[in-house]
Number of protein chains: 2
Amino acid sequence: MRVSELSQQSGVSTASIKYYVREGLLPAPDRVGYNRSEYGSAHVARLRLIRSLLDVGGLSVSATRTVLAAVDDDELPIERLMGTAQRSIPVPEGRPSRTAVAAIGRVGDSLGWHVQPDNPGILIAARVLEHYEALELQELASLLEAFATAADAVARAEVAVAAAAGDRDRMAAIVAVGTVLGDSLFAGLRRIAQEAAAHDARPQHTTD
Amino acid sequence: MRVSELSQQSGVSTASIKYYVREGLLPAPDRVGYNRSEYGSAHVARLRLIRSLLDVGGLSVSATRTVLAAVDDDELPIERLMGTAQRSIPVPEGRPSRTAVAAIGRVGDSLGWHVQPDNPGILIAARVLEHYEALELQELASLLEAFATAADAVARAEVAVAAAAGDRDRMAAIVAVGTVLGDSLFAGLRRIAQEAAAHDARPQHTTD
């Protein structure tokens, strides 16, 4: 199909489509004859994936390119692909405090976690704990175990779903999309659950 | 103290401090005499809060101003403050699909959630489910229950911690900071837990 038809089918403007090709996110179309490009159904599927990572996952164009290259690389072990997807969200600069890293280590030990010290999540979580400490909101730091236990349950379900995928391509898509968009899914559900929990904690009126 | 001393104590540049005053995030300093401003310890504490919301929470200056105004408003019920903090992260535009909203409604019913239909989390979570559907990654959509159950446990622990706070000021800080920074805390812990779960799921070597 021509770029105009691809635009219509996908809801993505022709300018964006050409931009994604230039930036290496979308494969170049086949050239058929003079000044005419031919896009296929693979381009439609790839455009959906690009928009999910950019718009919902909030990735930069550069991070999206890196994640897509990892998805496309059939030689890349799935664990390495997961690491790439995990690193696609910005990680805070600087070294986290030892206290915060130690607190995360303790809760990880209690849950039997085996992880490399360069896991990007350590920096992200430690930075939050540091701010809780600096703000003298120890109550929030005390929630670490509840958050970690919940993260453990979610991650085990995610890994089980990925492991059950039939082939490498599907597994790669599940890991990349699930890792990136899962932050947003949890953030949304947590907001709903907070309102529900606050409702339940409220003193009940007799007419309620 | 003078602005230079406040800058040194807080690690925030004088330019940023003056910018926060202009933008209404930081209260104006007392004027003592001609061309001299006096900042106090309340300014140090407020600067920490501002930087937590901006740098770790990733809020815009405008969203930070809104959240801080809600924290400062002693007349505002805590549930309304929570709603303000919840809305400080960008919510996707447009209407989510009925199918996605219905799926969230079903899982919420199964967990006994009572929420208003304008809860911002519904839009955020529904948008992710829509993309899972469009990408034909039903496996990821099947994780909704695991994510919602985890969000429920986290939110109940958060509400309990906030409810146990002694006074309104402290409760307000816990709700605002916890709601905004909690997304990042969970995102970090989920990345650690994913690596741990992948490690456990890996075929074991005899030498392991």
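## Basis of the description

In this predicted model, local features need pLDDT of at least 70 and side-chain atom pairs count only at pLDDT 80 or more, whereas totals for chains, interfaces and linings use all residues. Residues are numbered from 1 along each chain as its sequence is written, chains are lettered from A and ligands numbered from 1 in the order in which they are written, and side-chain values use heavy atoms, with hydrogens and water left out.

## Symmetry of the two chains

Two copies of a chain are related by a rotation about an axis and a shift along it.

## Extent and composition of the interface

The size of an interface is often given as the accessible area lost when the parts come together. Chain A and chain B bury about 7,300 Å² between them, and 71% of this area is on carbon and sulfur atoms (buried area is the accessible area, with a 1.4 Å probe, that two parts lose on being put together, summed over both). In terms of residues, 74 of chain A are in contact with 74 of chain B, contact meaning heavy atoms within 4.5 Å.

The interface also holds 30 residue pairs in polar contact, both residues being at pLDDT 80 or more. A polar contact is a pair of N or O atoms within 3.5 Å; within protein, one must be able to donate a hydrogen and the other to accept it, and residues adjacent in sequence count only if both atoms are side-chain atoms. On the side of chain A that touches chain B, at least two residues come from each of helices H3 (41-56), H5 (78-86), H7 (120-134), H8 (138-141), H9 (144-163) and H10 (168-201) (helices are DSSP runs of H or I with at least four residues, numbered from the N terminus). H10(A) provides the largest share, 27 residues. By residue class, this side of chain A divides into 42 nonpolar, 16 polar and 16 charged residues, where Ala, Val, Leu, Ile, Met, Phe, Trp, Tyr, Cys and Pro count as nonpolar, Asp, Glu, Lys and Arg as charged, and the others, Gly among them, as polar.

## Salt bridges

Side chains of opposite charge can pair when their charged atoms come close. Over all chains, the search finds 24 salt bridges, with 10 across the interface of chain A and chain B; the criterion is a side-chain nitrogen of Lys or Arg within 4 Å of a carboxyl oxygen of Asp or Glu. A:Arg156 pairs with B:Asp200 in a salt bridge whose closest N and O atoms are 3.3 Å apart. A salt-bridge network links A:Glu158, A:Asp183, B:Arg190 and B:Arg191.

Helix H3 of chain A contains both A:Arg51 and A:Asp55, 4 residues apart, about one turn of the helix. These residues form a salt bridge with closest N and O atoms 2.9 Å apart. A:Arg51 is partly exposed at 25% relative accessibility, as is A:Asp55 at 48% (partly exposed lies between buried, under 20% relative accessible area, and exposed, over 50%, with a 1.4 Å probe and protein chains only). In chain B, B:Asp55 and B:Arg51 form a salt bridge at 3.0 Å between the closest N and O atoms. Elsewhere in chain A, A:Arg36 and A:Glu38 form a salt bridge with closest N and O atoms 3.0 Å apart.

B:Arg46 lies in helix H3 of chain B and counts as buried at 13% relative accessibility. Beyond its neighbours within four places in sequence, B:Arg46 is in contact with B:Leu25, B:Leu26, B:Pro27, B:Leu68 and B:Asp72.

B:Ser7, in helix H1 (residues 3-10) of chain B, is buried with a relative accessible area of 16%. A polar atom of the B:Ser7 side chain lies 2.7 Å from the backbone oxygen of B:Val12.
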